[in-house]
Amino acid sequence: MTDDPWTAVDTYFEEKLLLSDPVLEEALRASRAAGLPSIQVSPSQGKLLHLLAKAQGARTILELGTLAGYSTIWLGRALPKDGRLLTLEVDPKHAEVARANVARAGLESKVEVLLGPALETLPKLLSEHRDSFDFVFLDADKPNTRAYFDWAVRLSRPGSLIVVDNVVRKGELANTASDDPNVRGMRAFLEALASDRRVSATGIQTVGTKGYDGFVLARVLDAPEE
Ligand code: SAH
Ligand code: DHB
Ligand code: MG
């Protein structure tokens, strides 16, 4: 075994806790076969999203960045019978692969993949879905995270949870000199988050099959804090 310890432990969790199944495996296979990048959440992270959405009692979920629909399936499975998940994806090929994966997972009636740049789709959602999402997962292009988070708050309600993926980026988040647009995007997001009175938030660092990264977890407050 030449794996680093965090990959070995992720594999151990995956096996011991039965974090995968044929539907999820087939989604990953279809994603690889279509040549999509293998950057989806890990099984443990997918299960974490699932558990958070369940604990939240989420009936409506918004996701930005569908890829092959792997995280979508984990989240979709947390929904009740009449639950709804909207997932926004800019790449038509990703959306096509995701729709097939979602259908194979039996989630077609709950999940809708909306094709287009998220910043164009989000304003259109406002009229129908203002104050409506119980849970939001932000995982699209990183430079726009600050704007996405603002939309996420506007589209959710007091008590909603917002999870933002890939915030830490191998620790580069703390590198003030970084000129990587992804890192700069996350730093701009954290800057805005620091003074955002609408939410209560924390940052959590993670290691695993996806290396060293982390996420922000935020809860929309009942009323803006003094
Ligand atoms: N959430 C997925 C991984 C998403 S990868 C999972 O864990 O399974 C990021 C995705 O965001 C890619 O599919 C990419 O095409 C999409 N994306 C990038 N820019 C976007 C934009 N402006 N609007 C919507 N989706 C975008
Ligand atoms: C990338 C994007 C992700 O959402 C992720 O979880 C890991 C990597 C990327 O664009 O490289
Ligand atoms: Mg991600």
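Around ligand 2 stand the residues I39, D139, K142, D165, N166 and K210, where a residue counts as near a molecule if one of its heavy atoms lies within 4 Å of it. This is a predicted model, in which local features need pLDDT of at least 70 and side-chain atom pairs count only at pLDDT 80 or more, while totals for chains, interfaces and linings use all residues. Residues are numbered from 1 along each chain as its sequence is written, chains are lettered from A and ligands numbered from 1 in the order in which they are written, and side-chain values use heavy atoms, with hydrogens and water left out.

**Ligand 2**

- By class, the shell of ligand 2 holds 1 nonpolar, 1 polar and 4 charged residues; Ala, Val, Leu, Ile, Met, Phe, Trp, Tyr, Cys and Pro count as nonpolar, Asp, Glu, Lys and Arg as charged, and the others, Gly among them, as polar.
- An oxygen atom of ligand 2 lies 2.7 Å from a polar side-chain atom of D139, and an oxygen atom of the ligand is 3.2 Å from an N or O atom in the side chain of D165.
- For N166, the distance from a side-chain N or O atom to an oxygen atom of ligand 2 is 2.7 Å.
- Taken alone, ligand 2 exposes 290 Å², of which the protein buries 66%, with accessible areas taken from the Shrake-Rupley method with a 1.4 Å probe.

**The magnesium ion**

- The magnesium ion (ligand 3) is coordinated by D139 (OD), D165 (OD) and N166 (OD1) at 2.0 to 2.2 Å; donors are N, O and S atoms within 2.8 Å of the metal (3.2 Å for Na, K and Ca), and water is not among the atoms, so sites may look incomplete.
- Along the sequence, the donor residues of this magnesium ion follow the spacing D-x25-D-N.
- D165 is buried because its relative accessible area is 9%, buried meaning under 20%, exposed over 50% and partly exposed in between (1.4 Å probe, protein chains only).
- N166 likewise counts as buried, because its relative accessibility is 11%.

**Ligand 1**

- Ligand 1 has 22 residues around it, of which G65, E89, H94, A118 and D139 come nearest.
- Oxygen atoms of ligand 1 lie 2.6 Å from a polar side-chain atom of E89 and 2.8 Å from a polar side-chain atom of H94.
- A nitrogen atom of ligand 1 is 3.2 Å from an N or O atom in the side chain of D141.

Definitions and conventions. A polar contact is a pair of N or O atoms within 3.5 Å; within protein, one must be able to donate a hydrogen and the other to accept it, and residues adjacent in sequence count only if both atoms are side-chain atoms.
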